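Visitor: I have a model to go through with you. Please set each label against its cut-off.

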Amino acid sequence: MGRYVIRRLLQMIPVFFGATLLIFLMVNVMGDPIAGLCGQRQCDPATAAQLRKEFGLDKPVWQQYLTYMGHVFTGDFGTAFNGQPVTELMASAFPVTIRLTIVAICFEIIIGITLGVLTGLRRGRPIDTTILLLTLVVISVPTFVTGLLLQLLLGVEWGIIKPAVSPEAPFNELLIPGLVLASVSLAYVTRLTRTSIAENARSDYVRTAKAKGLPRRRVITRHLLRNSLIPVVTFIGTDIGALMGGAIVTERIFNIHGVGYQLYQGIVRQNTQTVVGFVTVLVLVFLLANLIVDLLYAVLDPRIRYA
Amino acid sequence: MRGATHARWAVCAVAVALTATACGGGGDSGGGGASGIVSASWGDPQNPLEPANTNEVQGGKVLDMLFRGLKRYDPKTGEAQDMLAEKIDTTDSTNFTITVKDGWTFSNGEAVTAKSFVDAWNYGADLRNNQRNAYFFGYIEGYDKIHPDSGEPTTKTLSGLKVTGERTFTVKLSQKFSTWPETLGYSAFAPLPQAFFSDHDSWLAKPVGNGPYAVDSYSRGSQMSLRKWDDYPGSDKAQNGGVDLKVYTDNNTAYTDLTAGNLDLVDDVPASQLKNVKADLGDRYINTPAGIIQTLAFPFYDDAWNGPNGEKLRTGLSRAINRQQITDTIFQKTRTPAKDWTSPVLGEDGGFSDTLCGDACDYNPTEAKKLVAEGGGIPGGSMRVSYNADTGSHKDWVDAVCNSINNALGNDRACVGNPIGTFADFRNQITQSKMPGPFRAGWQMDYPLIQNFLQPLYYTNASSNDGKWTNDEFDKLVDQANAESDTAKAVETFKQAEEVVRDQMAAIPLWYQNGSAGYSTRISNVKLNPFSVPVYDEIKVN
């Protein structure tokens with residue numbers, strides 16, 4: 001187990017460098033960002049040169065990348081164009097997005113798995129068909145439609161929530177945005193759990209458990225559900241990374257000042273430092289989430305062993 | 001295995017607890033904030049909040065509340081009026097003697113003196129400080145030493161600035177510029193307290209100025225709370241208790257928040273909501289002229305666009321654009337078809353003229369077709385109009401302009417839009433002279449002078465002369481106008497220069513942009529100044 005974890009951690013190193021290099025190059029391809037800083041006029045050449053020097057843009061790309069990586073290892077992620085250190089931006093943005101992700105994941109787990117179990121055990125009954133149909137609707141409607149619709153209905157028409165989340169973004173204000181963010185994944189989790197449960201319900205070990213005379217509740221939670229959760233856990237695990245990085249749309253609609261907001265701002269202003277910094281952290285989150293998922297397999301299914 | 005089960009139940013329990021407390025905690029809904037406080041939408045300023053470093057509206061809003069300069073542009077007429085200036089004297093339009101009024105202080109108690117101005121201007125001009133607006137000091141003598149085009153600056157002060165007393169200083173310009181004092185209302189010329197220089201970082205974290213408001217708290221990127229400064233010595237004291245500026249990523253969300261009653265003021269109504277705005281807000285929607293004009297500029301560095309009969313081609317294209325129809329349908333009348341190259345906010349006395357462009361701006365497909373043909377036709381038979389696609393509704397109107405041109409010329413492939421991903425890239429391609437055809441050029445005035453609508457845009461090698469248009473007669477007339485000490489005569493000469501722009505059709509004027517804002521029932525007396533910024537200090541909370 002320990003060896004396995006170390007091997008996986010080592011594998012992260014090339015992925016980390018590759019990902020940052022790719023992002024770095026991609027942002028660079030967009031061209032010189034300085035021209036956008038002077039509004040509708042040409043930056044005077046002296047100031048532009050000075051700014052380029054300050055942000056290290058006067059050097060060749062490979063040298064910029066090396067300097068940047070050197071700084072990253074000392075904890076310095078550079079400075080955004082508005083003079084704020086990127087680490088400061090991260091400190092304000094990540095907690096917000098993490099809270100949003102937690103809310104979303106909770107919705108996925110609680111609602112998604114519950115509905116999945118419910119439908120899986122009642123295959124073909126009206127409740128199964130209804131929920132399947134509903135998930136189909138949720139999957140086919142884009143997030144920004146759900147988001148804007150809920151915002152308009154709950155925020156403006158009925159006045160239950162505030163349409164925009166305050167800068168502090170406490171958990172209670174993130175409930176609806178979290179639901180919107182989770183909606184599509186939630187539908188997938190439901191369907192995934194349903195299929196898995198339905199399949200395993202016919203398996204030998206469930207029949208044996210039933211034959212032993214175990215109570216139905218115990219059969220479902222201990223034997224059926226645990227074995228059926230493996231694909232679901234995989235999905236939710238990879239979804240953590242996707243939710244954190246993919247919250248741009250939701251964060252925009254509800255004015256949440258999280259990672260998506262900073263990334264959007266960084267891309268529009270072509271701020272390499274911000275974009276690369278945030279994406280680097282997101283890559284790490286993704287890698288770690290995947291590792292944890294793999295380790296969870298062993299917990300869920302004793303037949304899986306890592307060496 | 002048992003451990004895992006427990007872990008799972010623990011997660012669920014936490015989740016349930018979270019949702020439960022969350023549901024219970026949603027009680028504090030309601031209006032825009034404490035009594036007397038206005039909550040308003042804001043965007044994250046692009047550059048650090050320093051007076052000489054702020055060149056866009058969002059940062060400008062704050063500076064307008066935090067600072068008062070020597071002059072201030074009247075929020076209604078745009079006229080430059082003395083604010084901190086007791087008098088500005090000159091005999092030769094080159095040497096100015098400025099006296100600062102007595103009794104002004106910064107909100108930290110420090111007196112505003114001549115030194116506060118001179119230090120601030122020296123800081124703004126110094127190349128080492130990376131100030132985006134440094135070129136505003138370019139007319140002052142010694143600018144080339146403190147801000148050389150290449151190499152290191154050799155001095156730390158502008159030689160044209162001299163403190164001659166506690167409240168007086170002299171300015172020497174490097175050229176005659178009679179209306180120079182009227183540029184002093186621009187925020188780059190604001191005075192700065194010593195704290196700005198001695199502890200720059202903490203000043204940036206919580207700026208201190210001499211305006212009607214003082215910063216209460218500032219969390220960068222999300223919110224700034226400004227409170228009325230009770231000891232403000234000026235006559236334009238704040239009429240409300242303070243302003244909370246909230247950053248919105250998307251102006252649609254801000255608008256939704258306004259309609260839900262969580263926000264008092266939105267100063268940029270999104271284009272997509274213009275259709276609903278009357279129904280949503282009624283008379284709480286304002287739409288007033290601002291000093292912004294949109295034009296189509298041409299790449300004069302490209303021989304194809306700089307041919308012998310080029311002016312006929314360009315005038316023809318101008319006459320092929322149905323401005324009225326586009327402003328009515330796409331912009332819902334928040335733009336006004338342009339009749340000259342300035343802006344209505346200047347007023348007739350300031351040089352605005354609704355007849356100057358005349359026929360050249362009138363939609364007439366037959367004339368257009370004729371003129372384009374006489375001008376040698378569109379280079380290559382087809383042109384691409386470039387614009388940045390990341391902000392605003394540029395795509396909509398560029399497509400409409402192209403449609404209008406195509407219909408007028410009876411040629412479906414005469415004109416097509418050329419979107420460029422980001423503003424920075426768009427500016428890059430412009431500064432590198434790589435525009436493949438006409439391109440979007442917007443201009444928001446820095447100060448309400450006709451000079452500001454002409455010189456930076458059409459003077460040879462001027463900072464915003466993106467098309468690299470050059471014309472000796474125009475340059476001569478502008479020089480002449482700047483040297484003219486009589487304002488009325490100067491304006492007349494500028495208008496003559498503008499006629500050269502018309503005859504050569506250096507850029508096609510499209511429309512004047514209005515400022516728009518919507519507000520809640522909580523507040524009243526909301527106005528926009530000619531820079532399309534709300535006049536915060538006059539807002540009353542009901």
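Visitor: What share of the contacts in chain A with a separation of 6 or more comes from residues 24 or more positions apart?

Guide: The share is 74%. A contact here means that two C-beta atoms, placed from the backbone, lie within 7 Å. One caution first: this is a predicted model, where local features need pLDDT of at least 70, side-chain atom pairs count only at pLDDT 80 or more, and totals for chains, interfaces and linings use all residues. Residues are numbered from 1 along each chain as its sequence is written, with chains lettered from A and ligands numbered from 1 in the order in which they are written.

Visitor: How many helices and strands does chain A have?

Guide: Chain A has 12 helices and zero strands. Helices are DSSP runs of H or I with at least four residues, strands are runs of E with at least two, and both are numbered from the N terminus. The C-alpha trace of chain A spans about 85 × 55 × 30 Å along its principal axes.

Visitor: What percentage of chain A counts as buried?

Guide: Of its 307 residues, 40% count as buried. The test is 20 or more other C-beta atoms within 10 Å of the residue's own; 12 or fewer is exposed, in between is partly exposed, and C-beta atoms are placed from the backbone.

Visitor: How many residues does each chain bring to the contact between A and B?

Guide: Chain A brings 52 and chain B brings 58. On the chain A side, α2(A) gives the most, with six residues. By class, that side has 26 nonpolar, 19 polar and seven charged residues. Ala, Val, Leu, Ile, Met, Phe, Trp, Tyr, Cys and Pro count as nonpolar, Asp, Glu, Lys and Arg as charged, and the others, Gly among them, as polar.

Visitor: Why are β4 and β6 of chain B said to stand at the edges?

Guide: The open sheet has four strands in the order β4-β5-β7-β6 (chain B), with antiparallel pairing. β4(B) and β6(B) each have a single partner strand, so one side of each is left without a neighbour in the sheet. Twist averages 20 degrees from one strand to the next.

Visitor: What makes β4(B) and β5(B) a pair?

Guide: Pairing takes at least two DSSP bridges. β4(B) and β5(B) have five, in the antiparallel sense. β6(B) is joined to β7(B) by three bridges.

Visitor: Which side chains of β5(B) are buried?

Guide: Phe96(B), Ile98(B) and Val100(B) point to one face and are buried.

Visitor: Why is α9(B) called roughly antiparallel to α12(B)?

Guide: Their axes come within 7 Å and cross at roughly 160 degrees. Axes are lines fitted to C-alpha atoms, for helices over the stretch in contact, and angles run from 0 to 180 degrees between N-to-C directions. Over 145 degrees counts as roughly antiparallel, under 35 as roughly parallel, 65 to 115 as roughly perpendicular, and the rest as oblique. Therefore α9(B) is roughly antiparallel to α12(B).

Visitor: Which classes of residue make up that contact?

Guide: The contact of α9(B) with α12(B) has five nonpolar, two polar and four charged residues. Among them are Lys312(B) and Leu313(B) in α9(B), and Glu367(B) and Leu371(B) in α12(B).
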